[in-house]
Amino acid sequence: MTPIPVILDCDPGHDDAFNILLAAAHPSVELLAITTVAGNATVEKTALNARRVCTAAGIRGVPVAAGLAGPLHGAGIVARNIHGESGLDGPGFGEPTVPLDPRDAITLLRETLLAHPGPVTLVPTGPLSNIAAFLLAHPGLAAERVDRIVLMGGSTGRGNRTPAAEFNIAADPEAADIVFSSGLDVTMIGLNVSHQVPAAPGVLTRLEALGTPLARLCVELLTYFGTTYREVFGLAAPPLHDPLTVAHLVDPDLVTTVRAPVAVELTGTHTRGATVVDLDGVTGRPANARVGTAVDAPAFWDLIVDAVRVLGERSGRS
């Protein structure tokens with residue numbers, strides 16, 4: 001099978017780190033580039049964190065470029081209470097050896113799409129600022145060269161930044177509205193799905209058993225992530241949101257999706273940033289997205305553990 005060409009747009013972030021690992025390790029994915037955006041931390045920190053993850057995992061030859069420093073309109077937000085001051089607190093990272101690409105994220109997106117012989121899948125797992133800016137700047141190129149967008153964000157139910165809004169959408173609602181209104185093939189995997197894959201103690205045990213430096217780093221990441229999720233949300237184990245996107249690409253049956261209309265609330269006093277998902281068709285609006293509803297959690301964790309195994313063994317041989 002020909003690998004799926006993918007560009008990750010992310011804001012690392014503990015769960016983003018695992019998505020980078022899965023995209024780099026799985027043979028069904030051709031990771032073309034990584035762009036970063038302000039979200040879990042500032043864009044300077046998220047770009048540094050992407051380079052740190054690539055360095056630790058031995059991921060070479062994948063350009064990493066920094067993108068927008070904030071939302072399309074208004075002030076940005078970060079998630080220090082969840083991801084720490086660095087955006088990737090927990091392990092002790094050294095200086096990355098993977099360089100920062102001199103291009104900005106929008107330029108890297110454009111040039112990567114133009115250079116690749118076929119359509120490319122965009123996988124955004126942070127605020128959608130970079131993706132929306134790219135769509136505004138290059139609508140024709142997006143229509144011709146973007147195969148689909150598979151994003152982590154939103155929810156069919158309650159939020160985690162506010163009672164109504166999930167963090168990625170709340171961080172830039174206007175950008176999310178542009179993406180969902182783009183007419184492109186959009187898949188939304190939200191909190192209602194990611195909360196079905198908590199990193200329970202058994203997951204950490206499986207990773208520890210791999211015995212590689214990368215596996216130990218992953219345990220440290222999840223341990224820190226679990227501590228903040230217990231403190232902030234009272235959850236026994238942290239949900240690993242972002243890797244569900246790439247997991248869905250490599251195994252479409254892993255996440256159950258339904259077609260539905262999705263609207264982003266832009267003006268609500270208490271609901272700005274909410275994804276309004278019409279699962280029952282009560283509005284009569286046409287569907288504009290596939291929406292995740294359920295996940296095969298054991299199969300998901302098998303993919304994650306195997307990705308850490310593959311990259312840990314590969315980096316150990318290099």
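Biologist: What should I know about the model?

Modeller: The model is predicted, so local features need pLDDT of at least 70 and side-chain atom pairs 80 or more, while totals for chains, interfaces and linings use all residues. Residues are numbered from 1 along each chain, and side-chain values use heavy atoms, without hydrogens or water.

Biologist: Back to the pair. Which residues make the contact?

Modeller: Contact means heavy atoms within 4.5 Å. Helix 10 brings Val 203, Leu 204, Leu 207, Glu 208 and Leu 210. Helix 11 brings Ala 215, Cys 218, Val 219, Leu 222 and Thr 223.

Biologist: How many of those are nonpolar?

Modeller: Eight are nonpolar, one is polar and one is charged. Ala, Val, Leu, Ile, Met, Phe, Trp, Tyr, Cys and Pro count as nonpolar, Asp, Glu, Lys and Arg as charged, and the others, Gly among them, as polar.

Biologist: New topic. How many cavities are there of 30 Å³ or more?

Modeller: Two. On a 1 Å grid over the protein atoms alone, a cavity is a set of points where a 1.4 Å probe fits but cannot get out; lining residues have an atom within 4 Å of a point. A volume is the space filled by probe spheres set on the points.

Biologist: What lines the second largest cavity?

Modeller: Ala 17, Leu 21, Val 53, Ala 56, Leu 214, Leu 217, Cys 218 and Leu 221 do. Helix 1 (14–25), helix 2 (43–57) and helix 11 each give two or more of them. The largest share, four residues, comes from helix 11. By class, the lining has eight nonpolar, no polar and no charged residues.

Biologist: And the largest cavity, what is its lining like by class?

Modeller: Two nonpolar, three polar and three charged. Among the lining residues are Asn 40, Lys 45 and Arg 80. The space there is about 40 Å³.

Conventions. On a 1 Å grid over the protein atoms alone, a cavity is a set of points where a 1.4 Å probe fits but cannot get out, and a pocket is an open set with protein on both sides within 12 Å along at least five of seven lines; lining residues have an atom within 4 Å of a point.
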